[in-house]
Amino acid sequence: MVLGDDLISTHAGIASNLIRNHNYNNQNNEIYLSFLDYDWPGSCHTDRISLPDFKQYDVDSSEWKVRLPKDLEDLIRVQSRRAGKNETGGYLMGCWDIKRKVVYILHTFVPTDIRGTHSKLTLGTGGWKNEIDRVQKLTSGSLRYIGDWHSHPKGSTKMSNIDVESCATTLYSEMDNNRFLCLICNNDQLSFNIISLNT
């Protein structure tokens, strides 16, 4: 799509006005979307959309950071608690900011055929293909499969040898960006680990 100079100038003017009048003491996460010629030729309006609070964590043994919406973190914790003494988990979708070394977790999916015991998890793939296709279509390919999460109900959030082997196998066989994120949750804390072909 080619935009005319008049549309580019109008959007730039709106953005400049928003930046100039922004209250930098406001810590709310917001997005502004401006629309031109949406209702009729010459119409112009801007929508303000509030976003959920994000939490940021350090990745174990890495310079990377992880950011995720607080409500998504809460969902993962609830699913872990509901599984009780059995392990549970799911797929993670999001995006990698290579320049800033931040990975954004923005969606999770628990497959329909997941099987967990007190010491083992088989994640399964029931419904995963449809979900990943749905999310990628909805986000124009912006959100991708970035890793997995699973619980250690009574154990440490450190990666076990089985975790490392499983993540490395998935990285080599399924990932297209040379990185795999592993989130481990117990009742008290979360840990984040990145397996990478670049290290």
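**Entry 1: ground rules**

I number residues from 1 along each chain as its sequence is written, and side-chain values use heavy atoms, with hydrogens and water left out. Because the model is predicted, local features need pLDDT of at least 70 and side-chain atom pairs count only at pLDDT 80 or more, while totals for chains, interfaces and linings use all residues.

**Entry 2: overall make-up**

I looked up the secondary structure and found four helices and eleven strands in the chain. These are DSSP runs numbered from the N terminus, with helices (H or I) of at least four residues and strands (E) of at least two. The C-alpha trace spans about 60 × 35 × 35 Å along its principal axes. Of the 199 residues in the chain, 36% are buried. I use buried for under 20% relative accessible area, exposed for over 50%, and partly exposed for what lies in between (1.4 Å probe, protein chains only).

**Entry 3: strand E5 and its partners**

I went to E5 (residues 89–97) next. Seven of its nine residues are buried, so E5 is largely enclosed by the rest of the structure. I count two strands as paired if DSSP finds at least two bridges between them. E5 runs antiparallel to E9, with six bridges, and Tyr-91 has Asp-148 of E9 as its bridge partner. Four residues separate E5 from E6 in their hairpin, and Lys-101 in the turn has a positive phi of about 60 degrees.

I then checked a second hairpin. E3 (residues 54–58) and E4 (residues 65–69) are antiparallel, with five bridges. Lys-55 faces Leu-68 of E4 across the pairing. The hairpin has six residues between the strands, and Ser-61 takes a positive phi near 55 degrees. E4 also pairs with E6 (residues 102–109), this time parallel and through three bridges. In that pairing Val-66 has Val-103 of E6 as its partner.

**Entry 4: aromatic rings**

A pair of aromatic rings is described by the distance of the centres and the angle of the planes. My rule takes rings of Phe, Tyr and Trp (its six-membered ring) with centres within 6.5 Å; planes under 30 degrees apart are stacked, over 60 edge-to-face, and the rest tilted. The structure holds seven aromatic pairs. Tyr-91 and Trp-128 have ring centres 4.2 Å apart and planes at 15 degrees, so I list them as stacked. Tyr-91 sits in E5 and Trp-128 in helix H3 (residues 128–138), and the two are 37 residues apart. Both Tyr-91 and Trp-128 are buried.

Tyr-145 and Phe-180 are edge-to-face, at 6.3 Å centre to centre with 85 degrees between the planes. Tyr-145 belongs to E9 (residues 144–151) and Phe-180 to E10 (residues 179–185), so this pair ties together parts 35 residues apart in sequence. Tyr-145 and Phe-180 are buried. Ring pairs join Tyr-91, Phe-109, Trp-128, Tyr-145 and Phe-180 into a cluster.

**Entry 5: cysteines**

How many disulfides are there? With a disulfide taken as a pair of cysteine sulfur atoms within 2.5 Å, the count is zero. Cys-95 has its nearest cysteine sulfur, that of Cys-182, 19 Å away. Cys-95 is partly exposed, with a relative accessible area of 27%. For Cys-185 the closest cysteine sulfur is also in Cys-182, at 12 Å, which is too far for a bond. Cys-185 is buried, at 0% relative accessibility.

**Entry 6: Leu-183**

I found Leu-183 in E10. Its relative accessibility is 0%, so I mark Leu-183 as buried. The C-alpha atoms of Leu-183 and Thr-10 are 43 Å apart, and the two residues are 173 apart along the chain.

**Entry 7: a surface patch**

Ile-31, Leu-33, Ile-49 and Leu-51 make a nonpolar surface patch of about 280 Å². Leu-33 is in E1 (residues 30–36). At 36% relative accessibility, Leu-33 is partly exposed. Patches take residues with over 30% relative accessible area and no salt bridge, joining like charges within 9 Å and nonpolar side chains (Val, Leu, Ile, Met, Phe, Trp, Tyr) within 5 Å. A salt bridge is a side-chain nitrogen of Lys or Arg within 4 Å of a carboxyl oxygen of Asp or Glu. Accessible areas come from the Shrake-Rupley method with a 1.4 Å probe, and for residues only the protein chains shown count as cover.
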